[in-house]
Amino acid sequence: MMTTMSKERKKIIQAIPFMLPSIIGMVIFSLFPIIMATALSMTDWSGLEKFTIHTIPEHFVGLSNYAHLLSHKEFWSTLLHVVYYIVLYIPLGFVFSMVIALILNTEKKLTGVMRVLFYIPVLTSWVAASLIWKWVLSSQYGVINSIIGIFGMSGPDWLTNKYWAMPGIVLASVWKDMGYYGLYIFGGLRGIDPTYYEAAKVDGAGKFRTLISVTMPLLSPTLFYCLIMSLINAFQLFPQVLIMTEGGPNGATQVMVERIYTYAFSYFKMGYAAAYSWLLFLIILILTLIQLKVQKVWVHYES
Amino acid sequence: MKRKAISVLMQLSMMATLLSGCGSANPDTAQTEAPKETVTESSSVEEISSESSAEAAEPGKAITITYANFNASGGNEATLDSMYQAFHEQNPDINVEIETIAMDDYFTTLQTRIAGGTAPDCFEMNIENFAAYASKGILAELSGADTTGLNQTALSAFTYDGKQYALPENFSTVVLVYNKDLFDQAGIDYPTSSWTREDVDKAAEAIRGLGDNIFGIYQPVTYNEFYKVAAQYGGSLVSADGKSFTINSEENIKALQSMVDRVQKTNVQPTEEQMGGMGDWDLFESGRLGMIPTGTWCFNTFTDACDFSWDICVEPGQTSKATHFFANALVVNNDASDEAKEAAKKWLSFLASSDEAAKIRLDAGWDLPALSDMDALSSYLEITPPENREAVFESLDSLVLPPIITDYSQMSDIISDAVSKAASGESTPEEALNEAQKLCEEQINLQ
Amino acid sequence: MVIVTIPLYWMISTSLKSKGALMALPIQWIPKKPTLNSYKKVFTLFPFARAIANSAFITIAYVVITVLSASMAAFAISKIRFKGANVVFAMYLTSMMIPVQITLIPMFIIMNKFSLINTYTSVISPAIFKAFAVFLLVQNMRALPDDYLEAARIDGAGMFKIYKDVIMPMMVPTIATLAITTFMEAWNDYLWPLVMLSDKNKMTLTLALNTLNGQYDTEYNVLMAGSLISMIPIIIIYIIAQTQMKQGITVGGVKG
């Protein structure tokens, strides 16, 4: 008993110097703003006044912001739009990233060039990327519909049609992110011990079989990271929407973070925006907790 | 234990060298030694007012004020700077630190700094945000500022509760810009100031007949255009006493119907799909659009971009004429020290109403100063195209102002949604406006 | 390949077009009259060298701090595995889920309390806590077998030595990935520096490019030219990081 106690204590003492900078950062840049945002979510503060210690008690309204949000259609429809985005984005993004990773892994020539090419979209700022895609998806002047036109079909009115606007945004997002996840998965592939493949070969497994039963399980911690990150990012979907559709047409691409930003900085309802963020936060948190639980079933750590 | 202690120390010293190393690693030491300079630098924003107030007590000492603006972004920073040079020559005691921020981020930045208590001493404001800022007590009342030379309509747009909180700095109006070549091809007369919306519709149909990709007119079905067209039909968004919404009035429904018909019924105006994501100016510049009611700020761009001849006239109305009026104004931060406020007023008066600033502004072809004396603006009329520049001044006779309410952005978003639903045919104009009326009543308190 | 390159090609060709050619019908795949005017305009609009120097300084400091702070924390969480490490890790993960839009004003108020407004420090210091970086590194460090750690411990190496000499070399590919994403994030960030910095001399390249957006009109060709120019440093850094990644992969490969 004593030994385990002191062993634990020793570990903590060892950990402190390593954790210190990061923990200090967390308290200042994350914990404190979150506490403040929580307090604000229970006020009707406009955000357009100097913040003082009296701000919160003076503007306190209890949980009424939350009640208003939950009883309002807007919150649920923006949530639905995000879900729509995720349902399209995650599978599509996964397939494209995986393809990139596999191309890089098998293709021996030109990998240097290809790695740079695939990564350039990742390196582009969202402002520039969104502007490009607004052009690319333009139904009359856009490249995509010109290509579809070559095959004698006419392409959809991407960003101006309420059913096609979100798929358009998904395309742009996949284009921008696939290089990042692709190269990350590629790193994971390279880390796999070749002996596993040899063993699979000895067992007479085919290429597809090897991919499913050897590569995928060994890659699972990498894929888990990709999944969590893309979920969190998907819920915070914002700059591309703002520039490409401004939430339109007719609110079909209105998403949660865009609403939060608008309430906070355009309608001057900071308290309401803070409550909105809290609900968004709770949704992501619950989903991540589920992921963390489920990962035990499919994620395989080497150690 | 010893080893642990050493590792802790190493860790800490590593952090320390890292932090100090960043500063000195940079070649440009004077400005970039951030960590060391922190204390002195940071004082600049916050303590300017207190520092300078102490200094201003002694005669002949200089004061430095900060000024933030968005209007100079996109190419007019040098113009603003030469205005400041002229001002500084007359008032060597007053230094102005100018910060130019792109419109898209300007109000977010400003709001954040206000909440943090570090707003600039004076800054630029637009009509949309004015009421919200004034109602929160952020703006200083400009009592005693000289306003005689300023355009009265513009001045009245920036009063709140009967008090003047801002000096209008510049203005733009909207006129009907038309492609002369397309009118010639269609064999019809050019628009005149006596036209009504029906005359416009007829001309637009004639031009639409010239080809599949050629359109008669583009007047986007948006909030901004809607409140103006409503006024052309005698309608308004808010009742005269400012206490209730009148969004779904009969006049307004008629106005919206006429806008929507151009898209849905006669298709003299392209639908969203026909636009395919391209901008309205781009359509006009490409020579495939007959008429476009748009702001006077388009003149420079159209002069450069259009290889056909074009001109302007006062925008046709219906039961009455109504022209958009946009103005930016200059305001003083209520939290600034008294000395900073006085200096800021001087600087703002100079920007808004001095002959020097007006001349620099006009010479640069920036925008029109909001002066009441049209003679001062005569040089503006000499520039062509457009030939009929007088139309800009003529249009000042029938200005319509948007309602000055604190929840302006929210109201305009609700109405935007509604009118775009009507434009796409998803609901009728009447349904759309009823819905907007309901939402505004629910969500906005007009007091 | 085609999907990746077309938008890029479009970006380059747009930057070479004149304003009038932007909207020509049918679309011009190759600009009929290519011009470098957009590029000239970008260079004359603001003190370019100054903005690049500021951006470079801020970004490099930001990357170095992120990598150090995050790798140390990730090491403690995944390798020392102290009691409560999982709780801390969960907290880190959670903190990523709060949208930045809502913490903007609280962060500003804190910076103001520390009197850091209008300093480089205010822009750089949030680098000390990047939850996503810790997450990335923890996820990768967990995949490293503990055998090395034990071996080093038996050799009498302290924790700091293990971190520096054993774990970090094996993490080079991940660190390179992290460095490049952080570099990009810091280089392209504009809302935070915009709110923090009001002094023109401290303006970053992204902030400067943003002033190309006028109140009424945006010149896309100039904007594209500006974006392309601002991408060049990132691409160079990326290519450098690439070679690091390759070396790192070989180092990591020894482990099997």
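Student: In S10(B), which residue is the bridge partner of Glu124(B)?

Tutor: Leu330(B) is the partner, and it sits in S10(B). Keep in mind that this is a predicted model.

Student: What makes S3(B) and strand S10 of chain B (residues 323-332) a pair?

Tutor: Count the bridges. Pairing needs at least two bridges between the strands. Five bridges join S3(B) to S10(B), so they pair. The two run antiparallel.

Student: Why is S3(B), residues 122-126, called largely enclosed?

Tutor: Because four of its five residues are buried. Buried means that 20 or more other C-beta atoms lie within 10 Å of a residue's own.

Student: Why does Phe281(A) count as buried?

Tutor: The cut-off is 20 or more neighbours. Phe281(A) has 21 C-beta neighbours inside 10 Å, so it counts as buried. Its place is in helix H13 of chain A.

Student: Which residues of chain C does Phe281(A) touch?

Tutor: Met97(C) and Ile98(C), leaving out residues up to four places away in sequence. Contact here means C-beta atoms within 7 Å.

Student: How many residues meet between chains A and C?

Tutor: 67 residues of chain A are in contact with 60 residues of chain C. Helix H1(A) gives the most to chain A's side, with 20 residues. Among the other elements with two or more residues there are H8(A), H10(A) and H13(A).

Student: Which residues have the most contacts inside the largest nonpolar core?

Tutor: Ala166(B) and Trp347(B), in a core of 266 residues. Helix H3 of chain C, residues 48-80, gives the most to this core, with 16 residues.

Student: What is Ala166(B) in contact with, beyond four places in sequence?

Tutor: Its contacts include Met125(B), Phe130(B), Leu142(B) and Leu330(B). Leu330(B) is also the bridge partner of Glu124(B).

Conventions:
Residues numbered from 1 in each chain as written. Chains lettered and ligands numbered in written order. Predicted model: local features only at pLDDT ≥ 70, side-chain atom pairs only at ≥ 80, totals over all residues. Core = buried A, V, L, I, M, F, W, Y, C linked by C-beta atoms within 7 Å. Buried ≥ 20, exposed ≤ 12 C-beta atoms within 10 Å, placed from the backbone. Contact = placed C-beta atoms within 7 Å.
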